[in-house]
Amino acid sequence: MGLPFSTSQIREGAALINVPVLETCPDKSPDRAIYKAPVFYNPRMKLNRDSAVIVLKAHQRMFSKSFRLCEPMCGTGVRGIRLALEVEGLEEVVLGDVNPLAVRLTEINADLNNVLDRVRVRLMEANLLLALHTSRTQRFDYIDIDPYGSPVPYIDSALRACRDGGIIALTATDMAPLCGVNPRACLRRYGGWPLRTEYSKELALRLLISSLVLAAARLEMSINPIFSFSIDHYLRVYATVGRGAKGADSCLNEVGYILHCSNCLNRRVVRQSLWGVEEVCDVCGGKMEVGGPLWTGKLADPAFCSVMASISEEHLGDLRLVRLINLVRDEAELPPSFYNIDLHCSRLKVRSQPTNKILTSLRDAGFRAARTHFDERGVKSDASNLEFDRILKDLAERG
Ligand SMILES: C[S@@+](CC[C@H](N)C(=O)[O-])C[C@H]1O[C@@H](n2cnc3c(N)ncnc32)[C@H](O)[C@@H]1O
Ligand SMILES: [Zn+2]
C-alpha cells in the first residue's frame, strides 16, 4: 500500500477506513498511543463525526442545494469521506493536512470508498488552504475545523473562506484553559475570562462562541449557533455565517458577562458592557466573580435541532446522539447557566430530589425549566437562585 506503517480496516458509518495499528506504537496507553500514531484517528470522536453528518443532512433537508465543503485537518480522511458518502448533494470535498502520511492515507481511503470523483486531498497547512478559497467563487458552504487543542488559530481563515449562509464547525479540546484551570491561557486564546463553577463547561462553550463572534465582527460578519454542545473531553460548535455589518452588530449585542457568587450560588448575566455594574451579590452581599466576555445568546436553533433529531433517529439510531440533540434543543431558549441539584441541596442541607420532580415543581410555579446536556443533575430555568432554592426546600419539607 506504500505506507511506512501497518494499518487495519475499520468501519465507521458508511465508510471503510484504513487506520494505523496502534500496537506498533512504543507507548501502550491508548490515549498516548493515538497521539503518537503516524496518522491521527480517535474512535471516541465518532459521535463528533456523526454530529457533522446529521447537521449537514438536516441542512440539506431544509435547503436542498449542492454543497462544497472543506476539512483542512483531515487525519485519516474519515470525516470528509463519511460526509461524501452519507450526505446527498455534496459537489466537492476538499481535505487537507500538513502531515504527508495523513494525506497519503486519506487518498488511499478516498479510493477505497470510491469517492475520488468528489474528494480532493491537499498536502497543505490549514490556514494556507483556506486562504486559497477566499474569493467569492471559491468559498465553501461548510468548513470543519477539527484540530489538536484550540481552533482559534484557524477561525479567521475559516470565516474568510466561508460563503454567506455557510456553516462553520469547530472542535475545541483545550478544556483546561476554557474551564478555568488555566484562566490566563483562556484570556490569551479566547479573549475572555473563564470561571471555575459547576457550570464551567457551559461557560467554556460560550467563551468559544464569543471568540468566533468577535473574529466575525472584525470582518463585518455574523454568526448564529445552530447546534453546539460539550461532551466527553471536548466542545463542538456549528454556526451559520452571515456577511454584513448589521448582523455583526446584533451578534455583538449578545456578548456580555456572567457574574457568579460562590457564597450563595447566585448569578447574573450582563449584556455588552460592565460599565457601572455592581459586582456585589444582591442576595448575600458577597463579592461576585466576573466571567467573560462570552456569548449570552442561544447555543442552538431549536427548529434545526428538531430536524436533526428526526434524521438522527432514522439514520444512525445512535441513542446517545439522539438524546444529546433533544437535550440541546429543549434547553436552547433558557438563559445562560444552570443549577446543580445536589450542590444546592447540600448547601441547604436538605434531602436531594429527583430531577423530574424539580422540573415539574418549577413549571407548576410558573417558571420555564429543562434538563441540560451539560450535567445529568443540572436544571436550566428562568427561576432565580433564591426561587430555585425555595422549591428545593418546599419539596424536602413535603417529603
Ligand atoms: C485531531 S486531528 C484531525 C482528526 C480528523 N479531523 C478526524 O475527524 O479524524 C488533527 C489533524 O490536524 C493536522 N494538523 C495539525 N496542524 C495542522 C495545520 N496547521 N494545518 C493542517 N493540518 C494540521 C494533524 O496532522 C492531524 O492530522
Ligand atoms: Zn451571594
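Start your tour at ligand 1 by selecting Met73: a polar backbone atom of this residue is 3.0 Å from a nitrogen atom of the ligand, a polar contact being a pair of N or O atoms within 3.5 Å, where within protein one must be able to donate a hydrogen and the other to accept it, and residues adjacent in sequence count only if both atoms are side-chain atoms. Before you go on, note that this is a predicted model, in which local features need pLDDT of at least 70 and side-chain atom pairs count only at pLDDT 80 or more, while totals for chains, interfaces and linings use all residues. Residues are numbered from 1 along each chain as its sequence is written, chains are lettered from A and ligands numbered from 1 in the order in which they are written, and side-chain values use heavy atoms, with hydrogens and water left out.

**Around ligand 1**

Tyr154 comes next: here a polar side-chain atom lies 3.4 Å from a ligand nitrogen. The protein covers 91% of the 600 Å² of accessible area that ligand 1 has on its own (areas come from the Shrake-Rupley method with a 1.4 Å probe; for residues, only the protein chains shown count as cover). Which residues are closest to ligand 1? Select Glu71, Asp97, Glu125, Ala126 and Asp146, the closest of the 19 residues that surround the ligand (each has a heavy atom within 4 Å of it).

**Ser157**

Move to Ser157 in helix 6 (residues 152-160); helices (H or I, at least four residues) and strands (E, at least two) are DSSP runs, numbered from the N terminus. Ser157 counts as buried because its relative accessibility is 14% (buried means under 20% relative accessible area, exposed over 50%, partly exposed in between, with a 1.4 Å probe and protein chains only). Show Asn127 as well: 30 residues away along the chain, its C-alpha atom is separated from that of Ser157 by 5.7 Å. Apart from neighbours within four places in sequence, Ser157 is in contact with Asn127 and Leu130 (contact means heavy atoms within 4.5 Å).

**The zinc ion**

Select ligand 2, a zinc ion coordinated at 2.3 Å by the SG atoms of Cys261, Cys264, Cys281 and Cys284. Donors are N, O and S atoms within 2.8 Å of the metal (3.2 Å for Na, K and Ca); water is not among the atoms, so sites may look incomplete. The donor residues follow the spacing C-x2-C-x16-C-x2-C. Cys261, in the loop between strand 10 (255-260) and strand 11 (267-271), and Cys281, in the loop between strand 11 and strand 12 (289-295), are 20 residues apart and link distant parts of the chain. Are Cys261 and Cys281 buried or exposed? Both Cys261 and Cys281 are buried.

**Strand 12 and beyond**

Pro293 lies in strand 12, and a cis peptide bond with omega of about 5° joins Gly292 to it. Continue to Thr296, in the loop between strand 12 and helix 11 (302-315). Thr296 is buried, with a relative accessible area of 4%. A polar atom of the Thr296 side chain lies 2.7 Å from the backbone oxygen of Glu254.

**Two last stops**

Asp232 sits in the loop between strand 8 (221-231) and strand 9 (234-243). Though not a glycine, Asp232 has a positive phi of about 50°. Finish at Lys349, in the loop between helix 13 (341-348) and helix 14 (355-364). Lys349 counts as exposed because its relative accessibility is 73%.
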